Amino acid sequence: MAAGELARLARVVVANAAGDVPSPCVSVCRMDAGRGLCVGCCRTLQEIAGWSQMDDAAKREVWRKIVQRAEEPQP
C-alpha cells in the first residue's frame with residue numbers, strides 16, 4: 001500500500017469514533033532500520049507488539065501517528 005493510501009485510510013479510522021479499530025497491518029512486514037518503522041504499516045516494533053493489548057483509544061492514537069508518518073517526506 002502506498003503511503004498516500006495508508007494516510008487516507010488512517011484518517012478514516014481516526015475519524016470513525018465508533019466500532020472496532022482495524023489493524024493497520026498490510027502484510028508487508030519489513031522494518032526500515034533508518035526510520036525504525038515497518039515499511040508496510042508505519043508502526044514501530046513496540047506498537048506492533050502491543051497492538052492486541054491496546055484499547056480502542058490507544059489504537060486510534062497509533063493511527064493518528066500513522067497519518068503523520070505516512071505523510072512525512074521520504075529520503
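Where is the place of R69? R69 sits in helix α3. The model is predicted.

## Overall fold

The protein has 3 helices and 2 strands. From the N terminus, the order of elements is α-β-β-α-α.

Of the 75 residues, 29% are buried. The exposed surface comes to about 4600 Å². Carbon and sulfur atoms supply 55% of that surface. Take the contacts with a separation of 6 or more: residues 24 or more positions apart account for 54% of them.

## Helix α3

Helix α3 covers residues 56–71, a run of 16 residues. Its end C-alpha atoms lie 23 Å apart. At 1.5 Å a residue the span should be 22 Å, so the two values agree.

The buried residues of α3 are K59, R60, V62, W63, I66, V67, R69 and A70. An α-helix has 3.6 residues a turn, so residues three or four places apart point the same way.

Is R69 buried or exposed? R69 has a relative accessible area of 13%. The cut-off for buried is under 20%, so R69 counts as buried.

Which residues does R69 touch, leaving out those up to four places away in sequence? They are R35, L37, C42, R43, T44, E47 and Q74.

## Aromatic rings

R43, one of the residues that R69 touches, also lies over the face of W51. The distance from R43 to the ring centre is 5.2 Å. The count of aromatic pairs comes to 0.

Conventions
Residues numbered from 1 in each chain as written. Predicted model: local features only at pLDDT ≥ 70, side-chain atom pairs only at ≥ 80, totals over all residues. Heavy atoms only, no water. Phe/Tyr/Trp six-rings, centres within 6.5 Å; stacked < 30°, edge-to-face > 60°. Lys NZ or Arg CZ within 6 Å of the ring centre and 35° of its normal. Helix = DSSP H or I, 4+ residues; strand = E, 2+ residues; numbered from the N terminus. Buried < 20%, exposed > 50% of the residue type's maximum accessible area, 1.4 Å probe, protein only. Contact = heavy atoms within 4.5 Å. Areas by Shrake-Rupley, 256 points an atom, 1.4 Å probe, with all protein chains shown as cover. Expected span 1.5 Å × (residues − 1).
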